Amino acid sequence: MIRTALTELLGIRYPVVQAAMGYVSGPRLAAAVSDAGGLGLIASATMSLAELEKAIEETAGQTAGPFGVNLRADAPDAAERVRLIVARRVPVASFAQAPKPELIAALKDAGVVTIASIGTRRHAEKAAGWGIDAVIATGGEGGGHVGAVPTSLLVPQVAAAVDVPVIAAGGFFDGRGLVAALAWGAAGIAMGTRFLLTSDSPVGDEVKRLYLEAGLDGTVVTRRVDGVPHRILRTTMVDHLMSGGRAGALVRSARNAVAFRGVSGMGWREMLRQGRALHRGTGHRSTGRHESGLSWGQVLMAANTPVLLRAAMVDGRTDLGLMSSGQVAGLIDDLPSCAELIEAIMAEAGATLDRLRLARRP
Ligand SMILES: Cc1cc2nc3c(=O)[nH]c(=O)nc-3n(C[C@H](O)[C@H](O)[C@H](O)COP(=O)(O)O)c2cc1C
């Protein structure tokens, strides 16, 4: 047993969290992790409110262990999502990006444990100042949207800066990594890619095969997907998108998509709806511009991002879709169940601690 401030805070057996993954960490994966003694997180940014309600119900029906919901504080219906989390007595809420003080307060008042994902010390300090209960510090080797600081530097820095438990993320896959994270001052680890590559994960076999085949150089970080650094699996399609051409030009235009979102105040869902409408040719004029002043190409690519992620993760279209991935995919070559994985990590962490203790003997 390894007891930490995190196992105490969350009431979980093991200091292992499943990081939120859009279209991947739904009820099946989250419940499998929570049932195995870790903390499963439902990724809700890619769900409607009604879908989230159903997902919470399903997860609660599949595990007696605590689980959480990951949400975006800037979602137009964030307050409604918080009310749902409270009403359904979900034990934990985690914020995908910057949290908001009023949402943290509403959750904490209702007894919900709050966690924020951060990529810099400054953001960790800010969230801690707002009363967050724990932070997930994700280093640059992680999958999906990432910062530039590697895990080995970010975690010790953040752990020294804040008093709340720090959960280390980005590149973890085994028990040695858990011990390393504890040595850096963290209270546990969160893993995305490693949990995607389990038999409990809902993504298709062909998608899992591509991840398993990837080497340590099998991912790239690009801003060309949606304007912010995003680590994805390097596929033929990604090489093509990055190397120019017509599709490449469209992707390049997406660099401003995030700015567009800021300017327009439009949520991803609305952008998605517009993107679909554009696809159908309604309202699209190649020379036209959206009222924000940005080109329709920019709008279209941003709107397409969820579609492209979904194409791979839900529909199994590895030829068309984008696959967020941590560099750690290059070190993973099996598909255990979540229970097998967590047990193996804890056994290896115990053995590693014993090895280190033995090494200290004169
Ligand atoms: C397939 C995939 C999808 C992801 N989707 C999301 C998401 O929807 N929201 C989010 O905050 N982070 C997302 N992430 C990032 C993870 O929450 C986490 O930060 C990352 O996986 C940690 O690095 P690791 O993959 O090396 O374990 C995703 C990561 C992956 C691999």
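## Arg88 and Glu57

Arg88 and Glu57 join their side chains in a salt bridge, at 3.3 Å from N to O. The pair links distant parts of the chain, 31 residues apart. Arg88 sits in the loop between helix H4 (78-87) and strand S4 (92-95). Glu57 belongs to helix H3 (residues 49-62). The model is predicted.

How exposed are the two partners? Glu57 is exposed, with a relative accessible area of 53%. That value counts as exposed because the class begins over 50%. Arg88 is partly exposed, at 36%.

## Glu348 and Arg176

A salt bridge also pairs Glu348 with Arg176. Their closest N and O atoms are 3.7 Å apart. Glu348 lies in helix H16 (residues 338-360) and Arg176 in helix H8 (residues 175-183), so this contact ties together parts that are 172 residues apart in sequence.

Glu348 is partly exposed, with a relative accessibility of 28%. Arg176 is partly exposed too, with a relative accessible area of 44%.

## Arg317 and Asp319

Arg317 pairs with Asp319 in a salt bridge. Here the closest N and O atoms are 2.8 Å apart. Arg317 is partly exposed, at 40% relative accessible area. Asp319 is partly exposed as well, at 42%.

How many salt bridges does the structure hold? The count is 16.

Technical notes:
Residues are numbered from 1 along each chain as its sequence is written. This is a predicted model: local features need pLDDT of at least 70, side-chain atom pairs count only at pLDDT 80 or more; totals for chains, interfaces and linings use all residues. Side-chain values use heavy atoms; hydrogens and water are left out. A salt bridge is a side-chain nitrogen of Lys or Arg within 4 Å of a carboxyl oxygen of Asp or Glu. Helices (H or I, at least four residues) and strands (E, at least two) are DSSP runs, numbered from the N terminus. Buried means under 20% relative accessible area, exposed over 50%, partly exposed in between (1.4 Å probe, protein chains only).
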